[in-house]
Amino acid sequence: MNEMKLNNKRTILVGLAFLSICSFWQMYDNLVPLILRETFHMDESLTGVIMAADNILALFLLPLFGSLSDKCRETKVGRRTPFILGGTAAAAVLMNLLPVLDNSYSAEAAPFRLVSFVIVLGLLLIAMGTYRSPAVALMPDVTPKPLRSKANAIINLMGAVGGVLYLGVTALLYPSAKTRGLAHVNYQPLFIIVSLIMIAAVAVMLLTIREPRLAAENRALEKQHPEWNLAEDDGSGNEKLPVPVKKSLAFLLVSIALWFAGYNGVTTWFSTYVSEVMGEGIGGTATCLMVATVGAIVSYIPIGIIASRVGRKKTIMSGVVLLAACFLAGFFLTRHAHTITPVMYVAFALVGLAWAAINVNSLPMVVEMCRGSDVGKFTGYYYTASMTAQVITPVLAGTLMKHISYQVLFPYAAFFVAMSFVTMCFVRHGDSRAEAKKGLSAFEDMDD
């Protein structure tokens with residue numbers, strides 16, 4: 001087999017859609033719990049229910065729109081791009097209504113403003129749900145199977161950049177000294193900036209990526225390498241997985257659900273945790289999370305290279321061990337602290353490294369088990385597993401924090417992450433099936 005080279009530039013441009021998505025969700029996870037608690041005065045359990053709503057919708061929307069984009073008639077801009085464009089445009093409009101309603105309710109509490117906020121929030125979550133699976137499926141569409149861990153490293157890098165853009169803007173606009181003591185904080189400038197980031201990222205992707213041509217080239221390449229395919233065609237064009245592969249897929253999806261239960265518990269509640277336990281404002285939270293995100297950013301490319309040498313499964317399991325250890329450390333570091341310390345920054349940088357090791361390789365392991373025509377559907381499976389966990393964990397963690405202590409958050413997260421190590425031991429398929437080039441030469445651009 002001729003040596004293949006990953007096209008860095010093209011993968012970065014494909015990743016702009018994921019940058020847009022991650023910038024939004026970083027803001028959503030950080031701001032919406034604070035708005036619900038501080039403006040609308042909801043308790044932890046009710047806040048957790050609302051924070052789980054996006055994941056409940058995602059359980060249905062992500063597999064649905066992943067499969068719809070698989071079956072979509074090829075347009076001039078492709079199968080996935082129309083979903084990305086429509087979803088981004090709708091989200092950019094709806095998200096800017098939220099701070100208007102937040103500010104309005106703060107000035108004069110009225111039931112219809114609360115109802116309006118919840119309705120707009122629901123519509124916004126639907127808009128985001130329509131294009132996440134198509135956006136993520138675009139990378140496997142245009143990338144050969146043996147190179148997908150490396151490509152996913154770059155995609156995750158782009159997502160992390162989106163998160164850092166949000167966190168950097170937040171730390172700049174809302175330092176603790178500026179927000180401490182305020183009865184209400186106006187977040188409208190932040191929503192406007194994030195919506196502009198989303199629009200700009202998707203516009204650049206549209207202008208530079210020719211999805212129909214690139215997807216056709218990749219399909220032709222995969223036909224030349226039937227050994228890459230674990231799935232079997234039953235003769236009617238439907239997916240048929242051998243029983244051992246089905247078992248591996250099931251254990252992998254359970255593992256995904258478990259580590260997302262732990263990780264999302266922390267990301268959902270961390271801003272509230274820091275406020276209640278340590279007395280820090282959103283600026284301190286944003287700085288701490290930015291350190292974790294930067295830790296992930298510097299890890300993505302090395303993790304992609306490591307996975308090509310030692311395998312995706314071993315890389316994931318190493319990340320799982322490190323993530324559980326970091327969450328346990330987080331419990332001891334924060335329980336008596338009143339401010340973010342340098343040691344906490346180190347711990348959260350390692351959280352970023354651990355999450356990179358997991359995230360870079362988990363989606364490629366799932367889509368490794370399918371044919372090219374079903375990438376959207378299997379991407380939907382991945383998100384069904386992760387979103388099932390994220391439906392449960394905000395409510396469960398919030399309820400435990402309310403009835404036991406806020407300090408239960410980190411042990412809770414460590415337990416679920418540790419359980420995912422056990423289930424990953426039973427995953428036997430989905431690892432890289434072709435020897436990769438060594439070192440950075442694997443990242444050289446190939447001709448368009």
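Let's start with aromatic pairs: there are 22 of them here, where rings of Phe, Tyr and Trp (its six-membered ring) pair if their centres lie within 6.5 Å, with planes under 30 degrees apart counted as stacked, over 60 as edge-to-face and the rest as tilted. Keep in mind that this is a predicted model, so local features need pLDDT of at least 70 and side-chain atom pairs count only at pLDDT 80 or more, while totals for chains, interfaces and linings use all residues. Residues are numbered from 1 along each chain as its sequence is written, and side-chain values use heavy atoms, leaving out hydrogens and water.

One of the pairs is Phe260 with Trp355, an edge-to-face case at 5.1 Å centre to centre and 85° between the planes. Phe260 sits in helix α12 (residues 243–278) and Trp355 in helix α15 (residues 342–367), so this pair ties together parts 95 residues apart in sequence. Helices, by the way, are DSSP runs of H or I with at least four residues, numbered from the N terminus.

Phe327 belongs to helix α14 (residues 312–334) and Phe410 to helix α17 (residues 409–424), so parts 83 residues apart in sequence are tied together. Phe327 is buried at 1%, and Phe410 is buried at 1% too.

Finally, back to Phe260 and Trp355: ring pairs link them with Tyr263, Tyr382 and Tyr383 into a cluster.

Conventions
Helix = DSSP H or I, 4+ residues; strand = E, 2+ residues; numbered from the N terminus. Buried < 20%, exposed > 50% of the residue type's maximum accessible area, 1.4 Å probe, protein only.
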